[in-house]
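This report describes the architecture of one protein chain for a reader who is new to structural analysis. Please keep the sequence and the model in view while reading.

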Amino acid sequence: MSVAALRLIHCRRLSSAGPPGVNKVLQWKHLRKIAKVTGTVVFGGCLFITYEVVALDKAVTINTSAILQEKYKSYIYLRASPSAEKENLTAELTQKARRELHRAAKRFLEISSKLFLQSLDDHFSHADADPHEVALWVLLKRTQSSNKAVRLQAVQELAENPHWQDYQYQTAAQVIDQRTAVGLARTPQVDLRFFRHPPALPNLEDGLSAEDCLRQLLASLPLSEVDRCVQYFTSLALRESNQSMAAQRGGLWCFGGNGLPYAQSLTSVPSEKVESFCLQALVQHSKVQSHCDHIVANGGLQILQRLYQLRRESLKIQRNVVRIIGNLALNEGIHQAIVQSGWVSVLAETLQSPHGIQASHAARALANLDRETVKEKYQDGIYILHPQTRGNQPIKADVLFVHGILGAAFKTWRQKDRNTLEEEREAESQDDYTECWPKSWLAADCPNLRVLSVEYDSHLSDWMAKCPAENQRKSMAYRSRELLNKLKLAGVGERPVVWVAHSMGGLLVKKMLLDAADDPELQGLLKNTKGIMFYSVPHHGTFMAEYSVTVRYLLFPSIEVRELCKDSPALRCLNEGFLKIAKENEIKVLSFAETRPTNIGPMIKILVVPTQSADLGLGELIEVDVDHLNICKPEKKDSFLYRRSLQFIQDALQRFISQ
């Protein structure tokens, strides 16, 4: 600018020396030159200043890549990435080019937003981030949205994206909250890297084992609000634990008297067996809401975690542990403690187990934890066979499976056992076998149905001794009321229902529907019952009740046998009452009858439920050439027994599932 001023002064001096006409021409020419020089100087100065500012900005800008790398090292998961170690030069250059392009695009959008007075999109609000990093943080942010639909969609997209890198899974695992973690765990085939590993367990005190911790936990629980059998078996489990400890420490004689009986019994009570006793007693305690707080307060979640990790090879122990977690999850006040103790990752892994029973126990626990999409609560004995995960398929109706005495929620409904002949082994693939056909076959054929399996305590065969209160076992009336309360909490009766029952389970179904007819709060269950399928149900009693006490005990406990006497007044009243409400509510009925005798001993074969007793007097009756145990176990998916059962369910619910 000073140079331009000097030139202007020089021009003015020249203009005062010559004639007037010449002065005017000279002044105009110099002014044009001055304008050119001044414009050049101003433009050059702007460029120089811009260059200096950019250079200064680069000089003070901190390279955040080193900081990010150090931050990644502080993550919980310390696993080296093999792909990063082997990355070639081409891949590295491509990655750098992508970053530079993203930065340039971001700067361009920032300038555009200022020019057009528009806010910058959240997708580009993270500095120096590639598109995958941006997408991850956008989804993580949406999982915290106040809009439930946005949250659910974000969880689904987060789980279904197959392009996340290992460090991104690690990042998400530390950012997601309790609600998102449970949602991811209930997403089909979710990547388990989304979940943090369970926290490290504290070291045990010297001389203590997992069995000792379990025994101490059981001893700390109150014996209130549990029946006499639970009290007895809790005492039995503690006694066996004490004997085991005494044997380990050489203190058999501290009990007084002769220690020889104790020493003889200890050889048949290994540590795993004692743990099984304690767990089964703990299952009963976890059914009592007030006891759940005691279990958590006394470190029960950590003790169960230790036992679960220790007994990886024992499916039975792991089932009981997850069963207890499922019972604890019924109490929403304990959810945070369950998540913080690392159980979500364990349940997510168990849900993907090839063992259907294990997966079903985990599905119940996760459903009780998921208050985002599940309003129902599944109490002990109510198991979800389908759907076990979140899905977009709307549920139109329910199908409930009820086993008979000495049955179970899973083993009763398994596929017919394979024949051991060598030629049949070779002809049939073991991969096609299912341990629960309603879960495998029915769920695939009717995906918009909710399939539940009901289990109730009918015996305590896994415990060593017979309970002294055995003669006060629960009657059918008591079981009916107990199951109705559980089914109400599970939302059964809010949709159309089809019941599937085997043996005495059919009598229990009839009793529940009669009780529901008398209860105004449960009449919806009766009105929504569209069909019932009976597998060898003794509607008119069984001759087996007239056999000797020894034979009767092989199949049924005494109180059930007394209720099963042929043509007993109780059965007659139950049948007449059910026929009345079935006709009034237009309930469809299909009955299957066995025609083969059942082996109940080395030399004893009897027809447990004759055709005359299996005939309800309503609906279709089909005789099948199988025995009592296999009447509800189809041989394969295309067998007549399964195809006819499937047809009945679809016909009974056709009007509802086709909508």
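The model is predicted.

**The chain as a whole**

The secondary structure of the protein chain comprises 29 helices and nine strands. Of the 659 residues in the protein chain, 45% are buried. Among contacts between residues at least 6 apart in sequence, 75% join residues at least 24 apart. The protein chain exposes about 34300 Å², and carbon and sulfur atoms supply 55% of that area.

How many of the eight residues of helix H9 are buried? Helix H9 (residues 178–185) is mostly covered, with six of its eight residues buried. These buried residues are Thr180, Ala181, Val182, Gly183, Leu184 and Ala185. Their cover includes helix H7 (148–160), helix H18 (343–351) and helix H19 (356–369).

The arrangement of H7 and H9 can be described by their axes, which come within 10 Å and cross at roughly 55 degrees. H7 and H9 are therefore oblique to each other. Their crossing is right-handed. On the side of H7, the contact is made by Arg151, Val155, Leu158 and Ala159, while H9 contributes Arg179, Thr180, Gly183 and Leu184. Sorted by class, the contact of H7 with H9 has four nonpolar, two polar and two charged residues.

**Helices H18 and H19**

The axes of H18 and H19 come within 8 Å and cross at roughly 135 degrees. That angle makes H18 oblique to H19. H18 passes H19 in a left-handed crossing. The residues in contact are Leu347, Ala348, Thr350 and Leu351 of H18, together with Gln358, Ala359, Ala362, Ala363, Ala365, Leu366 and Leu369 of H19. The contact of H18 with H19 divides into nine nonpolar, two polar and no charged residues.

**Helices H21 and H29**

Another helix pair is formed by helix H21 (residues 437–445) and helix H29 (residues 640–657), which pack at an angle of about 55 degrees with their axes 11 Å apart. H21 and H29 are therefore oblique to each other, and H21 passes H29 in a right-handed crossing. In this contact, Trp437, Trp441, Leu442 and Asp445 in H21 meet Tyr642, Arg643, Leu646, Ile649 and Gln650 in H29. By class, the contact of H21 with H29 has six nonpolar, one polar and two charged residues.

In helix H15 (residues 300–310), the buried residues are Gly300, Leu301, Ile303, Leu304, Gln305, Leu307 and Tyr308. They pack against several helices, including helix H13 (271–286), helix H14 (289–297), helix H16 (315–328) and H18.

Ser480 is located in helix H22 (residues 476–489). Is Ser480 buried or exposed? Residues under 20% relative accessible area are classed as buried. Ser480 has 0% relative accessibility and therefore counts as buried. Apart from its neighbours within four places in sequence, Ser480 is in contact with Leu508, Lys511, Met512 and Asp515.

**Backbone features in loops**

| Residue | Phi | Relative accessibility |
|---|---|---|
| Gln189 | about 50 degrees | 68% |
| Glu586 | about 55 degrees | 68% |

Gln189 lies in the loop between H9 and helix H10 (210–220). A residue with over 50% relative accessible area is classed as exposed. Gln189, at 68%, is therefore exposed. By the corresponding reasoning, Glu586 counts as exposed because its relative accessibility is 68%.

A further backbone feature is the cis peptide bond that joins His386 and Pro387, with an omega of about -5 degrees. Where is Pro387 placed? Pro387 is in the loop between strand E1 (382–386) and strand E2 (397–402).

Technical notes. Residues are numbered from 1 along each chain as its sequence is written. This is a predicted model: local features need pLDDT of at least 70, side-chain atom pairs count only at pLDDT 80 or more; totals for chains, interfaces and linings use all residues. Side-chain values use heavy atoms; hydrogens and water are left out. Buried means under 20% relative accessible area, exposed over 50%, partly exposed in between (1.4 Å probe, protein chains only). Helices (H or I, at least four residues) and strands (E, at least two) are DSSP runs, numbered from the N terminus. Contact means heavy atoms within 4.5 Å. Accessible areas come from the Shrake-Rupley method with a 1.4 Å probe; for residues, only the protein chains shown count as cover. Axes are lines fitted to C-alpha atoms, for helices over the stretch in contact, and angles run from 0 to 180 degrees between N-to-C directions. Angles under 35 degrees count as roughly parallel, over 145 as roughly antiparallel, 65 to 115 as roughly perpendicular and the rest as oblique. A crossing is left-handed if the near helix is turned anticlockwise from the far one by less than a right angle, and right-handed if clockwise. Ala, Val, Leu, Ile, Met, Phe, Trp, Tyr, Cys and Pro count as nonpolar, Asp, Glu, Lys and Arg as charged, and the others, Gly among them, as polar.
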